[in-house]
Amino acid sequence: MAENTGPSTRGDLCVRVVPVFQGLTPEQQLDVAAVARPTTVRPGDRPFAHVATSLLLVVHAGRFKVARSDAEGREQVLRVLGPGDFLGEAGFLTGRRSEHVVTALEPGRLCVFRHADLGELVRRHPSIAFRMLQAVSARLDDVEQRLASVVSGGVGARLAEYLLSLPARGTRSGTTTEAAPETVVRLPLAKKDVASLLGTTPESLSRQLRRLHDSGVIAQRAGGEIVVLDADVLMDLAARS
């Protein structure tokens, strides 16, 4: 982990922008900020590494890959955290350190809480625990949907569903203002990590992307960008998962 900027007394840090703390009054948010440890990370940093105590990590800015490793060291990507997401709540309940491997994908900022401090905050502000429970429940729903997709759907269906779930932006397909808009998404992970997230192999993922490209459904660009040319076909594929 990189720079730790020390406890904060400012209300404009992550305690104001993340859902877990949005139900608090400005005064209560300052109470939370007083025990948060704002931390800056660089790409490749692993915030849980070399930490002797259990922590709650709340993302203020940036993206973080969450994975687990099996006994043979193989990595299984579980999800990508973005602003407002958090990790470490299980350790808050069990007292055990997290076994997740968290890797910063880009420069970012975290609000880090020791579980002892978090417990005191929850006692003073019970709405924090309620919002954490809501977020964990939504995460479990997502895991169940992905598991059902892995069991019942093919790789193509899972890929289509994943592409449709990515944040999209519109661009122009030509140089004039009359050019038709394009829908562009960007893979947030390396293709090998996307394959792990979807429960398949990099080779199978590449084949499916190539098929979609050759069929005119998508166009692949450098830097992990994908232009969605036929969203209807993607939605039909996703419905099979």
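Helices α6 and α9 sit oblique to each other, a label for angles that are neither under 35 degrees (roughly parallel), over 145 (roughly antiparallel) nor 65 to 115 (roughly perpendicular). The model described here is predicted, so local features need pLDDT of at least 70 and side-chain atom pairs count only at pLDDT 80 or more, while totals for chains, interfaces and linings use all residues. Residues are numbered from 1 along each chain as its sequence is written, and side-chain values use heavy atoms, with hydrogens and water left out.

α6 covers residues 155-165 and α9 covers residues 231-238; their axes come within 7 Å and cross at roughly 125°. Here axes are lines fitted to C-alpha atoms, for helices over the stretch in contact, with angles running from 0 to 180 degrees between N-to-C directions. The crossing of α6 and α9 is left-handed, meaning that the near helix is turned anticlockwise from the far one by less than a right angle (clockwise would be right-handed). On the α6 side, Ala157, Ala160, Glu161, Leu163 and Leu164 do the touching, and they meet Leu234, Met235, Leu237 and Ala238 of α9; contact means heavy atoms within 4.5 Å. Sorted by class, this contact has 8 nonpolar residues, 1 charged residue and no polar ones. In that sorting, Ala, Val, Leu, Ile, Met, Phe, Trp, Tyr, Cys and Pro are nonpolar, Asp, Glu, Lys and Arg are charged, and the others, Gly among them, are polar.

Val155, Gly156, Leu159 and Leu163 of α6 make the contact, together with Ser204, Leu205, Gln208, Leu209 and Leu212 of α8. By class, that comes to 6 nonpolar, 3 polar and no charged residues.

One member of this contact can be followed up on its own. Glutamine 208 belongs to helix α8, which spans residues 202-214. With a relative accessible area of 16%, glutamine 208 is buried; buried means under 20%, exposed over 50% and partly exposed in between (1.4 Å probe, protein chains only). Setting aside neighbours within four places in sequence, glutamine 208 is in contact with Val155, Gly156 and Leu159. From glutamine 208 to valine 155 it is 53 residues along the sequence, but 7.4 Å in space, C-alpha to C-alpha.

Stepping back, the chain has 9 helices and 11 strands; these are DSSP runs, numbered from the N terminus (helices H or I, at least four residues; strands E, at least two). Of its 241 residues, 44% count as buried. Among contacts between residues at least 6 apart in sequence, 69% join residues at least 24 apart.

The structure holds 1 aromatic pair, where rings of Phe, Tyr and Trp (its six-membered ring) pair if their centres lie within 6.5 Å, with planes under 30 degrees apart called stacked, over 60 edge-to-face and the rest tilted. The partners are phenylalanine 21 and phenylalanine 113, with ring centres 5.6 Å apart and planes at 50°, so the pair is tilted. Phenylalanine 21 lies in the loop between α1 (14-17) and α2 (26-33), while phenylalanine 113 is in strand β7 (residues 108-114), 92 residues apart. Both are tucked away: phenylalanine 21 is buried at 1% relative accessibility, and phenylalanine 113 is buried at 0%.

Leucine 110 lies 71 residues from threonine 39 in sequence, yet their C-alpha atoms are 5.1 Å apart. Not counting residues up to four places away, leucine 110 touches a list of residues including Thr39, Val41, Pro47, Leu57, Val59 and Phe64.

Phenylalanine 48 sits in the loop between β1 (37-41) and β2 (55-61) and is buried, at 8% relative accessible area. Its contacts beyond four places in sequence include Leu55, Leu57, Leu87, Arg97, His100 and Val102.

Finally, alanine 219 is found in strand β10 (residues 218-220). Apart from residues up to four places away, alanine 219 touches His213, Glu225, Ile226, Val227 and Leu229. Leucine 209 is 10 residues from alanine 219 in sequence and 9.0 Å from it in space, C-alpha to C-alpha.
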